[in-house]
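The entries below follow the order in which I looked things up.

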Amino acid sequence: RGSVFGSGAAEWSPASSLTLTTTLAHSYSVVSDPASDRLGISKHRTDVSGGMYVSVRPSVVFFASVGRTLSPVTETSGRLSLNGGLTINVAGPAAHTPRVP
């Protein structure tokens, strides 16, 4: 189904190693779908989420977030989402200055 959507986000760093985020998103289906209409799937959907990023070291960052659908929950929508992980930045080979002839 075709859709139009918009979202906004805010980010705050209360400490040099911590960043907090929040997001609000809304979408609207612009195309009619008889099958979805029969199932009672709404054309509107609003979601909110919040998360954090923690720098353990300059090359290691832990992240986690939680999200929730604010729209009425149907058989095909999720009510809650959780995710998290660890990012490790590995330095590549050092750049060398080109030789001058």
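In what order do the elements of the chain run from the N terminus on? I read them off as β-β-α-β-β-β. I counted one helix and five strands in the chain. Helices (H or I, at least four residues) and strands (E, at least two) are DSSP runs, numbered from the N terminus.

Next I checked the overall spread. The radius of gyration of the chain is 21 Å, well over the 13 Å that the globule rule gives for 101 residues, so the chain is more spread out than a compact globule. That radius is taken over C-alpha atoms, and the rule is 2.2 Å times the number of residues to the power 0.38. I also noted that the C-alpha trace spans about 70 × 40 × 20 Å along its principal axes.

A note on the source: this is a predicted model, where local features need pLDDT of at least 70 and side-chain atom pairs count only at pLDDT 80 or more, while totals for chains, interfaces and linings use all residues. Residues are numbered from 1 along each chain as its sequence is written, and side-chain values use heavy atoms, with hydrogens and water left out.

Then I looked at burial and surface. Of the 101 residues, 12% count as buried; buried means under 20% relative accessible area, exposed over 50%, partly exposed in between (1.4 Å probe, protein chains only). The chain exposes about 7,700 Å², and carbon and sulfur atoms supply 61% of that area. These areas come from the Shrake-Rupley method with a 1.4 Å probe; for residues, only the protein chains shown count as cover.

I turned to Thr19, which lies in strand β2 (residues 18-29). Thr19 counts as buried because its relative accessibility is 17%. Its side chain makes a polar contact with the side chain of Ser13 at 3.2 Å. A polar contact is a pair of N or O atoms within 3.5 Å; within protein, one must be able to donate a hydrogen and the other to accept it, and residues adjacent in sequence count only if both atoms are side-chain atoms.

Thr69 was the next entry, and I placed it in strand β4 (residues 60-69). Is Thr69 buried or exposed? Thr69 is buried, at a relative accessible area of 5%. I noted a polar contact of its side chain with the side chain of Arg45, at 3.1 Å. Leaving aside neighbours within four places in sequence, Thr69 is in contact (heavy atoms within 4.5 Å) with Arg45, Thr46, Asp47, Gly78 and Arg79.

Last, I looked up Ser81 in strand β5 (residues 80-88). Ser81 counts as partly exposed, at 39% relative accessibility. Not counting residues up to four places away in sequence, Ser81 touches Ser65, Val66 and Gly67.
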